[in-house]
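The following note sets out points for a colleague to check against the model. Please read each one with the sequence and the structure at hand.

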Amino acid sequence: MKGTVIDGMAAYEALVKEARVDRPGFWARLAREHLVWHRPFTRVLDDSNAPFFKWFDDGLLNASYNCLDRHLYNGNAEKHAIVFEADDGTITSITYRQLHARVCKVANALRGRGVGAGDRVMIYLPMSIEGVVAMQACARIGAVHSVVFGGFSAKSLHERMVDVGAVAIITADEQKRGGKSLPLKSIVDEALAMDGTDGVHTVIVYQRTGGTIVWNPPRDCWLHELEDAQPDTCEPEWVEADHPLFVLYTSGSTGTPKGVQHSTAGYLLWSAVTMHWTFDIRPDDVFWCTADIGWITGHSYICYGPTAVGATQLIFEGVPTWPNAGRFWEMIAHHRVSIFYTAPTAIRSLIKASEADSTVHPRRFELGSLRMLGTVGEPINPSAWEWYAREVGGGRCPVLDTFWQTETGGHMITPLPGATPLVPGSCTLPLPGIEAAIVDETGSELPNGQGGLLVIKHPWPSMLRTIWGNPERFRHGYYPPELGGGLYLAGDGAIRDPETGYFTITGRIDDVLNVSGHRMGTMEIESALTSHPLVAEAAVVGRPDETIGEAIVAFVVLKGPRPAPEDAKNIAEQLRAWVGKEIGPIAKPKEIRFGESMPKTRSGKVVRRLLRAVAKGESIAQDMSTVENPAVLQQFSHRA
Ligand code: PRX
């Protein structure tokens, strides 16, 4: 592939060198070239209170101005910003001028309801143009959005709402997925009926399906009525570079989900730069990222990145397997998608589907518009990578295995089209400006070929600024003293190829599971299980799964006796439903197994390594001398 924005390895090396030689100068150049500043910054990095770094901190800007207004004057005003395909196939589109107008109206409406800079607004919406409008409207007035994935339960929504201290919620009556209508507003009502939500004075409802909902005036108001009453211009709130743009909750290995706080300038800068570097975005591209706006990928590569660079993007409401597993390929063909970005889990499930039914095989569709393929969220196995490159990309499109995290804001380690020689299963090399390394438990760098902990050596602008309301959790979790306090700990294991120095991510080193590319804390699922009246103890582990990456396996001890085999299935089903209600369907264990007690050491610690082995169906050859009650492992090896 020739003529990409970073054309060839020499161009990549030159940027890497530029960043190494003058790090502040490099970032300042990018920030001046890619962002529109209301007041230019004079300082680049303030590291006087590390690891609470500040970037470009005396500059003033507005994220929504950068994503929308600048396109009104650069020839993009009548260009499609978003083409939306609904679950039922209905297509709507919106130009940059129209998107700007809608965002201004909603921003005015929020201001009219008393929402101002720094206030937190929850967003609990389906995939929609309205999702982007809501996020950008918050950004326009300097309000901090906190988007919650529409598959999370009332309890999860409530927990996040209280932690972030929300004053308003933007939701929809219902969402449509796979031909079904699913509730949203009633879940918001349920969450608001719980304690600690008195601060929420406004619920704005997007009418998606027209389904029946309970209405509570004056708190509840229709989005379309608010928009109708507002002018289509809105003076942006000029905020300081590090003003929080959003808080997005993600799972850690301990405790409740943590609110990852991102800044305005540093975050937006990297979303825009990586659209150019990683995806080589061009004016006539049709970009499609299949993530949900409830996850970081939907923030960076739907709401902010594509709009910051004035791209046309496709947004899809539904699911890849409805009405059949050819939906993605049909949509790529229909909309002439040129850059396609999805998760390995989706690829693996579509491989399976196309093996079972040849009519949904990508070969049956006209995919000649594609020029770039990306993946994100979990390791991609070489065979799925090769299938994706061959069957979807027709052997012409590079597969960009992008490694990054909620906390990093944008891509970190990824191949660059037209530059990096590709190796299936490897995310290859860090982006210019990002210095990744592999270290041991004391923070000493390991030679290539030796696996260890993935760290990032220097701060970078799009890194999280803190954990909302919990700076100590930020400091300890990401800059642990054991590693010397100066290295960002990603939480993943990795290894570098001895010859090429390429990185391969080997998976999480903590108790975080990656289920279908969704991050789940084992502890969250355990707490949900133990809150069920029948359950005394629970331990959750991940089992490698061919399609979804990791499957959740729960080991449960009931308050009563271990259930007889004929009852076990029924109780397991009850517990799965319970977890679905407590957290959301994505957290439901695939399997639940029952034992009389937990395998523990004499000091009372659950022996997870043994449970992991049992979950995999391995015969236990490991040392069991420290286990108090080894016999229960036998019980746990039976599936309910
Ligand atoms: O374990 C890594 C995995 O996903 C984790 C981050 O999850 P989350 O914050 O939800 O963000 C997902 C989307 C950016 C990482 O710690 N991960 C992400 N991308 C890759 C990956 N593992 C392997 N290869 C990747 N390309």
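Which residues have the most contacts inside the largest nonpolar core?

1. The largest nonpolar core has 170 residues, and Trp27, Phe56, Trp277, Tyr304 and Val556 have the most contacts inside it. Such a core is a set of buried Ala, Val, Leu, Ile, Met, Phe, Trp, Tyr and Cys residues joined through side-chain atoms within 4.5 Å; buried means under 20% relative accessible area, exposed over 50%, and partly exposed in between (1.4 Å probe, protein chains only). Helix α9 (residues 265-277) gives the most to this core, with 9 residues. Apart from it lies another core of 29 residues, among them Trp329 and Cys397.

2. On the source: this is a predicted model, in which local features need pLDDT of at least 70 and side-chain atom pairs count only at pLDDT 80 or more, while totals for chains, interfaces and linings use all residues. Residues are numbered from 1 along each chain as its sequence is written, and side-chain values use heavy atoms, with hydrogens and water left out.

3. Val556 is in contact (heavy atoms within 4.5 Å) with residues including Leu529, Ile592, Phe594 and Phe636, its neighbours within four places in sequence being left aside. In helix α17 (residues 608-616), Leu610, Leu611, Ala613, Val614 and Ala615 are buried. These buried residues pack against β28 (535-545), β29 (549-558), β30 (591-594) and α18 (631-636). Helices (H or I, at least four residues) and strands (E, at least two) are DSSP runs, numbered from the N terminus.

4. Around the ligand there are 17 residues, of which Asp401, Thr406, Asp492, Arg508 and Arg519 come nearest; a residue is near if one of its heavy atoms lies within 4 Å. A polar side-chain atom of Thr406 lies 2.5 Å from a ligand oxygen atom, and one of Arg519 lies 2.7 Å from an oxygen atom of the ligand. Taken alone the ligand exposes 540 Å², of which the protein buries 95% (Shrake-Rupley method, 1.4 Å probe).

5. Phe56, in the loop between β2 and β3 (60-61), has a positive phi near 50°, and it counts as buried because its relative accessibility is 0%. Arg336 also has a positive phi, near 55°, but counts as partly exposed, at 42% relative accessibility.

6. One runs from Ala50 to Pro51, with omega near 5°; another joins Pro217 and Pro218, with omega about 0°. Most peptide bonds are trans.

Notes. A polar contact is a pair of N or O atoms within 3.5 Å; within protein, one must be able to donate a hydrogen and the other to accept it, and residues adjacent in sequence count only if both atoms are side-chain atoms.
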